[in-house]
Amino acid sequence: MTTITKINLGTNGPLVSKLGLGCMRMSSVWGGLTNDERESEATIQLALDSGINFLNTGDFYGSGHNELLVGKAIKRRRDDAFISVKFGAIFYNGQWIGLDLRPVAIKNFINYSLVRLGIDTIDLYQPCRLDNSVPIEEVIGTIADLIQEGKVRYLGVSEITADQLRKAHSVHPVTALEIGYSLADRQIESDLLPTAKELGIGVVAFANTAEGLLTGEMKAPLPANDYHTHFSRFQGENLIRNLEKVNVLKQMAIEKGYTPTQLAIAWVNKQGDHIMPLVSMSRRSRLPENIEAMAIEFTAEEIDTLTTQFSPGAILGGTYLQR
(Lines give C-alpha, C1' and ligand atoms only; values in the text may rest on other atoms or scores of the structure.)
Protein backbone atom coordinates (compact mmCIF):
# COMPACT_ATOMS: atom_id res chain seq x y z
CA MET A 1 0.00 0.00 0.00
CA THR A 2 1.17 3.53 -0.78
CA THR A 3 2.79 5.31 2.14
CA ILE A 4 0.90 8.42 3.19
CA THR A 5 3.26 11.37 3.47
CA LYS A 6 2.89 14.10 6.06
CA ILE A 7 2.65 17.84 5.43
CA ASN A 8 2.52 20.91 7.60
CA LEU A 9 -1.02 22.27 7.59
CA GLY A 10 -0.05 25.81 6.75
CA THR A 11 3.34 27.42 7.14
CA ASN A 12 3.38 27.17 10.92
CA GLY A 13 0.75 24.50 11.36
CA PRO A 14 0.75 20.94 12.68
CA LEU A 15 2.04 17.87 10.85
CA VAL A 16 -0.85 15.96 9.29
CA SER A 17 -1.40 13.33 6.63
CA LYS A 18 -1.45 14.58 3.02
CA LEU A 19 -4.75 12.71 2.60
CA GLY A 20 -7.68 13.51 4.88
CA LEU A 21 -10.63 11.30 5.78
CA GLY A 22 -14.02 12.98 5.51
CA CYS A 23 -16.45 11.30 7.90
CA MET A 24 -19.65 12.96 6.67
CA ARG A 25 -20.90 9.92 4.75
CA MET A 26 -20.83 7.86 7.93
CA SER A 27 -23.88 9.86 9.05
CA SER A 28 -26.57 11.77 7.25
CA VAL A 29 -26.23 15.53 7.41
CA TRP A 30 -30.00 15.68 7.54
CA GLY A 31 -30.33 13.57 10.67
CA GLY A 32 -31.09 10.04 9.49
CA LEU A 33 -28.58 7.30 10.30
CA THR A 34 -27.90 5.49 7.06
CA ASN A 35 -24.71 3.51 7.49
CA ASP A 36 -23.27 0.56 9.37
CA GLU A 37 -21.65 2.02 12.47
CA ARG A 38 -19.28 -0.93 12.90
CA GLU A 39 -18.06 -0.59 9.33
CA SER A 40 -17.65 3.16 9.75
CA GLU A 41 -15.65 2.73 12.95
CA ALA A 42 -13.53 0.05 11.27
CA THR A 43 -12.90 2.45 8.36
CA ILE A 44 -11.61 5.13 10.73
CA GLN A 45 -9.45 2.59 12.55
CA LEU A 46 -7.94 1.30 9.30
CA ALA A 47 -7.35 4.87 8.10
CA LEU A 48 -5.40 5.59 11.28
CA ASP A 49 -3.46 2.35 10.85
CA SER A 50 -2.65 3.41 7.28
CA GLY A 51 -1.20 6.75 8.32
CA ILE A 52 -4.24 8.98 7.72
CA ASN A 53 -4.56 11.02 10.88
CA PHE A 54 -6.72 13.94 9.65
CA LEU A 55 -10.38 13.20 10.48
CA ASN A 56 -12.98 15.74 9.40
CA THR A 57 -16.43 15.95 10.98
CA GLY A 58 -19.14 18.50 11.78
CA ASP A 59 -21.36 18.91 14.81
CA PHE A 60 -24.39 18.94 12.49
CA TYR A 61 -23.54 15.68 10.69
CA GLY A 62 -26.34 13.36 11.75
CA SER A 63 -27.31 15.85 14.48
CA GLY A 64 -24.25 14.90 16.51
CA HIS A 65 -24.18 11.24 15.50
CA ASN A 66 -20.99 11.70 13.50
CA GLU A 67 -19.07 13.13 16.42
CA LEU A 68 -20.24 10.28 18.65
CA LEU A 69 -19.08 7.82 15.99
CA VAL A 70 -15.66 9.45 15.61
CA GLY A 71 -15.33 9.61 19.36
CA LYS A 72 -15.87 5.86 19.68
CA ALA A 73 -13.43 5.13 16.87
CA ILE A 74 -10.60 7.17 18.39
CA LYS A 75 -11.13 6.06 21.97
CA ARG A 76 -7.74 4.99 23.37
CA ARG A 77 -6.16 6.33 20.13
CA ARG A 78 -6.47 10.07 20.72
CA ASP A 79 -2.82 10.74 19.92
CA ASP A 80 -3.18 9.04 16.52
CA ALA A 81 -5.91 11.39 15.32
CA PHE A 82 -6.09 15.06 14.31
CA ILE A 83 -9.73 16.08 14.71
CA SER A 84 -11.24 18.82 12.51
CA VAL A 85 -14.75 20.01 13.44
CA LYS A 86 -17.10 22.37 11.61
CA PHE A 87 -19.93 24.19 13.36
CA GLY A 88 -22.62 26.77 12.70
CA ALA A 89 -25.10 25.01 10.41
CA ILE A 90 -28.62 24.62 11.80
CA PHE A 91 -30.92 21.85 10.53
CA TYR A 92 -34.48 21.11 11.59
CA ASN A 93 -36.59 18.16 10.45
CA GLY A 94 -34.04 17.39 7.79
CA GLN A 95 -33.98 20.92 6.39
CA TRP A 96 -31.23 23.55 6.44
CA ILE A 97 -32.65 26.59 8.24
CA GLY A 98 -29.57 28.79 8.47
CA LEU A 99 -26.41 29.59 10.41
CA ASP A 100 -25.87 30.48 14.04
CA LEU A 101 -22.48 32.14 14.50
CA ARG A 102 -23.19 34.12 17.67
CA PRO A 103 -20.36 33.88 20.23
CA VAL A 104 -22.74 32.46 22.83
CA ALA A 105 -23.82 29.76 20.36
CA ILE A 106 -20.22 28.88 19.46
CA LYS A 107 -19.40 28.39 23.14
CA ASN A 108 -22.43 26.13 23.44
CA PHE A 109 -21.56 24.16 20.28
CA ILE A 110 -18.01 23.37 21.36
CA ASN A 111 -19.01 22.02 24.76
CA TYR A 112 -21.38 19.55 23.12
CA SER A 113 -18.73 18.59 20.56
CA LEU A 114 -16.10 17.91 23.22
CA VAL A 115 -18.49 15.66 25.12
CA ARG A 116 -19.61 13.73 22.02
CA LEU A 117 -16.02 13.26 20.84
CA GLY A 118 -14.83 12.33 24.32
CA ILE A 119 -11.82 14.65 24.12
CA ASP A 120 -10.55 17.73 25.93
CA THR A 121 -9.33 19.71 22.92
CA ILE A 122 -10.44 19.96 19.29
CA ASP A 123 -7.44 20.19 16.96
CA LEU A 124 -9.02 22.35 14.24
CA TYR A 125 -12.27 24.27 14.79
CA GLN A 126 -14.02 26.21 12.07
CA PRO A 127 -17.31 27.84 11.10
CA CYS A 128 -18.82 25.89 8.21
CA ARG A 129 -19.13 29.19 6.33
CA LEU A 130 -19.45 32.89 7.11
CA ASP A 131 -22.28 35.28 6.38
CA ASN A 132 -23.08 38.82 7.46
CA SER A 133 -25.23 37.88 10.44
CA VAL A 134 -22.32 38.23 12.88
CA PRO A 135 -19.15 40.29 12.27
CA ILE A 136 -16.17 38.15 11.29
CA GLU A 137 -14.20 39.73 14.10
CA GLU A 138 -16.66 38.33 16.66
CA VAL A 139 -16.74 34.84 15.17
CA ILE A 140 -12.97 34.52 14.86
CA GLY A 141 -12.40 36.31 18.15
CA THR A 142 -14.55 33.75 19.94
CA ILE A 143 -12.51 30.86 18.52
CA ALA A 144 -9.33 32.72 19.50
CA ASP A 145 -10.70 32.82 23.06
CA LEU A 146 -11.34 29.06 22.92
CA ILE A 147 -7.73 28.56 21.80
CA GLN A 148 -6.57 30.58 24.81
CA GLU A 149 -8.74 28.42 27.06
CA GLY A 150 -7.23 25.22 25.64
CA LYS A 151 -10.45 23.91 24.10
CA VAL A 152 -9.13 24.41 20.54
CA ARG A 153 -5.61 24.09 19.11
CA TYR A 154 -5.92 25.70 15.66
CA LEU A 155 -8.33 27.97 13.81
CA GLY A 156 -9.85 26.92 10.50
CA VAL A 157 -12.32 28.52 8.10
CA SER A 158 -14.52 27.01 5.41
CA GLU A 159 -16.24 28.11 2.20
CA ILE A 160 -15.31 31.80 2.38
CA THR A 161 -14.07 34.49 0.03
CA ALA A 162 -10.53 35.83 -0.26
CA ASP A 163 -11.54 39.07 1.46
CA GLN A 164 -13.13 37.16 4.33
CA LEU A 165 -10.01 35.02 4.61
CA ARG A 166 -7.78 38.08 4.92
CA LYS A 167 -10.05 39.61 7.53
CA ALA A 168 -10.22 36.39 9.57
CA HIS A 169 -6.44 35.99 9.40
CA SER A 170 -5.97 39.56 10.66
CA VAL A 171 -7.95 38.72 13.81
CA HIS A 172 -6.15 35.45 14.55
CA PRO A 173 -3.79 33.33 12.39
CA VAL A 174 -5.79 30.92 10.25
CA THR A 175 -4.20 27.49 9.94
CA ALA A 176 -6.43 25.90 7.31
CA LEU A 177 -8.99 26.79 4.66
CA GLU A 178 -11.53 24.07 3.85
CA ILE A 179 -12.99 24.55 0.39
CA GLY A 180 -14.47 22.58 -2.49
CA TYR A 181 -11.87 22.06 -5.21
CA SER A 182 -11.73 19.77 -8.21
CA LEU A 183 -11.05 19.67 -11.92
CA ALA A 184 -14.65 20.80 -12.34
CA ASP A 185 -14.49 23.60 -9.75
CA ARG A 186 -11.40 25.69 -10.40
CA GLN A 187 -12.79 29.21 -9.99
CA ILE A 188 -11.00 29.62 -6.65
CA GLU A 189 -7.63 29.47 -8.46
CA SER A 190 -7.89 33.13 -9.48
CA ASP A 191 -8.14 34.67 -6.01
CA LEU A 192 -8.84 32.45 -3.00
CA LEU A 193 -6.07 29.87 -3.47
CA PRO A 194 -3.36 32.51 -4.13
CA THR A 195 -4.51 34.39 -1.02
CA ALA A 196 -4.26 31.26 1.12
CA LYS A 197 -0.79 30.53 -0.22
CA GLU A 198 0.35 34.12 0.33
CA LEU A 199 -0.81 34.01 3.95
CA GLY A 200 0.73 30.59 4.59
CA ILE A 201 -2.63 28.88 5.11
CA GLY A 202 -3.07 25.18 4.33
CA VAL A 203 -5.89 24.09 2.03
CA VAL A 204 -8.19 21.18 2.86
CA ALA A 205 -9.87 20.43 -0.47
CA PHE A 206 -13.15 18.51 -0.43
CA ALA A 207 -15.54 17.43 -3.22
CA ASN A 208 -12.63 16.23 -5.38
CA THR A 209 -15.06 14.42 -7.69
CA ALA A 210 -17.41 17.42 -7.93
CA GLU A 211 -20.29 15.69 -6.20
CA GLY A 212 -19.79 12.55 -8.28
CA LEU A 213 -19.56 14.22 -11.69
CA LEU A 214 -15.95 13.09 -12.17
CA THR A 215 -16.42 9.49 -11.07
CA GLY A 216 -17.31 8.40 -14.60
CA GLU A 217 -20.36 6.60 -13.25
CA MET A 218 -23.04 9.21 -13.95
CA LYS A 219 -25.39 8.85 -16.89
CA ALA A 220 -27.90 11.34 -18.28
CA PRO A 221 -30.63 11.87 -17.42
CA LEU A 222 -30.48 11.28 -13.69
CA PRO A 223 -33.47 9.77 -11.87
CA ALA A 224 -35.98 12.41 -10.81
CA ASN A 225 -35.43 11.62 -7.12
CA ASP A 226 -31.62 12.00 -7.32
CA TYR A 227 -30.54 14.92 -5.08
CA HIS A 228 -28.05 16.02 -7.76
CA THR A 229 -30.95 17.22 -9.91
CA HIS A 230 -31.39 20.22 -7.60
CA PHE A 231 -28.18 21.69 -9.05
CA SER A 232 -27.94 23.13 -12.55
CA ARG A 233 -24.78 21.29 -13.63
CA PHE A 234 -26.67 18.00 -13.34
CA GLN A 235 -29.72 19.14 -15.30
CA GLY A 236 -30.69 18.68 -18.94
CA GLU A 237 -28.24 19.81 -21.59
CA ASN A 238 -25.75 20.95 -18.95
CA LEU A 239 -25.30 17.39 -17.70
CA ILE A 240 -24.99 15.98 -21.23
CA ARG A 241 -22.28 18.51 -22.13
CA ASN A 242 -20.47 18.05 -18.82
CA LEU A 243 -20.40 14.27 -19.16
CA GLU A 244 -18.83 14.69 -22.61
CA LYS A 245 -15.92 16.46 -20.91
CA VAL A 246 -15.70 13.72 -18.29
CA ASN A 247 -15.17 11.20 -21.11
CA VAL A 248 -11.66 12.62 -21.48
CA LEU A 249 -10.94 11.77 -17.86
CA LYS A 250 -12.45 8.31 -18.29
CA GLN A 251 -10.26 7.59 -21.31
CA MET A 252 -7.14 8.78 -19.52
CA ALA A 253 -8.03 6.57 -16.55
CA ILE A 254 -8.29 3.53 -18.82
CA GLU A 255 -4.93 4.29 -20.41
CA LYS A 256 -3.23 4.74 -17.03
CA GLY A 257 -4.91 1.76 -15.38
CA TYR A 258 -6.78 3.71 -12.72
CA THR A 259 -10.34 4.91 -12.11
CA PRO A 260 -11.58 8.41 -12.94
CA THR A 261 -12.09 8.98 -9.21
CA GLN A 262 -8.46 8.17 -8.53
CA LEU A 263 -7.31 10.59 -11.22
CA ALA A 264 -9.59 13.31 -9.83
CA ILE A 265 -8.04 12.89 -6.37
CA ALA A 266 -4.53 12.69 -7.82
CA TRP A 267 -5.00 15.95 -9.74
CA VAL A 268 -5.98 17.80 -6.55
CA ASN A 269 -3.04 16.23 -4.74
CA LYS A 270 -0.64 17.53 -7.40
CA GLN A 271 -1.78 21.14 -7.05
CA GLY A 272 0.67 21.80 -4.23
CA ASP A 273 2.30 20.52 -1.09
CA HIS A 274 0.05 22.84 0.92
CA ILE A 275 -3.13 21.24 -0.46
CA MET A 276 -4.72 18.16 1.14
CA PRO A 277 -7.38 16.15 -0.70
CA LEU A 278 -10.19 15.43 1.78
CA VAL A 279 -11.97 12.28 0.64
CA SER A 280 -15.24 11.09 2.19
CA MET A 281 -15.39 7.35 2.86
CA SER A 282 -17.55 5.07 4.95
CA ARG A 283 -16.24 1.65 3.88
CA ARG A 284 -12.85 0.05 4.36
CA SER A 285 -12.91 -1.20 0.79
CA ARG A 286 -12.52 2.38 -0.45
CA LEU A 287 -9.31 3.09 1.44
CA PRO A 288 -6.75 1.21 -0.72
CA GLU A 289 -7.82 2.82 -4.00
CA ASN A 290 -7.96 6.32 -2.52
CA ILE A 291 -4.58 5.92 -0.86
CA GLU A 292 -3.17 4.58 -4.14
CA ALA A 293 -4.39 7.75 -5.88
CA MET A 294 -1.89 9.77 -3.85
CA ALA A 295 0.99 8.09 -5.70
CA ILE A 296 -0.31 8.73 -9.23
CA GLU A 297 1.94 10.83 -11.46
CA PHE A 298 0.93 12.73 -14.60
CA THR A 299 2.98 13.48 -17.68
CA ALA A 300 3.22 17.07 -18.85
CA GLU A 301 0.97 16.16 -21.78
CA GLU A 302 -1.66 14.67 -19.46
CA ILE A 303 -1.65 17.75 -17.26
CA ASP A 304 -2.05 19.93 -20.33
CA THR A 305 -5.00 17.83 -21.51
CA LEU A 306 -6.76 18.06 -18.15
CA THR A 307 -6.00 21.77 -17.78
CA THR A 308 -7.44 22.49 -21.20
CA GLN A 309 -10.48 20.23 -20.96
CA PHE A 310 -11.38 21.41 -17.48
CA SER A 311 -10.43 25.06 -17.68
CA PRO A 312 -12.13 27.29 -15.08
CA GLY A 313 -15.78 27.62 -16.02
CA ALA A 314 -15.71 24.79 -18.57
CA ILE A 315 -18.19 22.75 -16.55
CA LEU A 316 -21.65 24.21 -17.13
CA GLY A 317 -23.95 25.10 -14.26
CA GLY A 318 -23.31 25.27 -10.56
CA THR A 319 -23.66 23.40 -7.28
CA TYR A 320 -24.12 24.53 -3.70
CA LEU A 321 -20.34 25.10 -3.69
CA GLN A 322 -20.78 28.01 -6.11
CA ARG A 323 -22.77 30.66 -4.27
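Me: Which residues of α7 meet α10 in this model?
Reply: In this predicted model, Glu244, Lys245, Val248, Leu249, Met252 and Lys256 in α7 meet Glu302, Thr305, Leu306 and Gln309 in α10. Sorted by class, that contact has 4 nonpolar, 2 polar and 4 charged residues.

Me: And at what angle do the axes of those helices cross?
Reply: Helix α7, which covers residues 236-256, and helix α10, which covers residues 300-309, have axes that come within 10 Å and cross at roughly 165 degrees. Because an angle over 145 degrees counts as roughly antiparallel, α7 is roughly antiparallel to α10.

Me: Is that crossing left-handed or right-handed?
Reply: The crossing of α7 and α10 is left-handed.

Me: What about α2 and α3, how do they pack?
Reply: Helix α2 (residues 65-74) packs with helix α3 (residues 103-117) at an angle of about 40 degrees, and their axes are 7 Å apart. The two are therefore oblique to each other. On the α2 side the contact is made by Glu67, Leu68, Val70, Gly71 and Ile74, while α3 supplies Ser113, Arg116 and Leu117. By class, this contact of α2 with α3 has 4 nonpolar, 2 polar and 2 charged residues.

Me: Changing topic, where is Asp123 found?
Reply: Asp123 is found in strand β8, which runs over residues 122-127.

Me: Buried or exposed?
Reply: Asp123 has a relative accessible area of 4%, so it counts as buried.

Me: Then what does Asp123 touch?
Reply: Leaving out residues up to four places away in sequence, Asp123 touches Arg78, Ala81, Phe82, Ile83, Arg153 and Tyr154. With Arg78 there is a polar contact of 3.0 Å between the two side chains, and the backbone nitrogen of Ile83 lies 2.7 Å from a polar atom of the Asp123 side chain.

Me: Which residues does the cis peptide bond join?
Reply: The cis bond joins Ala220 and Pro221, with omega at about -5 degrees, and Pro221 lies in the loop between β11 (202-206) and α7. As background, most peptide bonds are trans, and most residues other than glycine have a negative phi.

Me: What is the phi of Ala210, then?
Reply: Ala210 has a positive phi of about 55 degrees although it is not a glycine, and this residue lies in the loop between β11 and α7. Ala210 is buried, with a relative accessible area of 1%.

Me: And Ser63, where does that lie?
Reply: Ser63 lies in the loop between β4 (54-58) and α2, and its phi, near 55 degrees, is a positive value in a residue other than glycine. At 60% relative accessibility, Ser63 counts as exposed.

Definitions and conventions. Residues numbered from 1 in each chain as written. Predicted model: local features only at pLDDT ≥ 70, side-chain atom pairs only at ≥ 80, totals over all residues. Heavy atoms only, no water. Axes fitted to C-alpha atoms, helices over the stretch in contact; angles between N-to-C directions. Helix = DSSP H or I, 4+ residues; strand = E, 2+ residues; numbered from the N terminus. Parallel < 35°, antiparallel > 145°, perpendicular 65-115°, else oblique. Left-handed = near helix turned anticlockwise from the far one by under 90°. Contact = heavy atoms within 4.5 Å. Nonpolar A, V, L, I, M, F, W, Y, C, P; charged D, E, K, R; others polar. Buried < 20%, exposed > 50% of the residue type's maximum accessible area, 1.4 Å probe, protein only. Polar contact = N/O pair within 3.5 Å; in protein donor to acceptor, adjacent residues only side chain to side chain.
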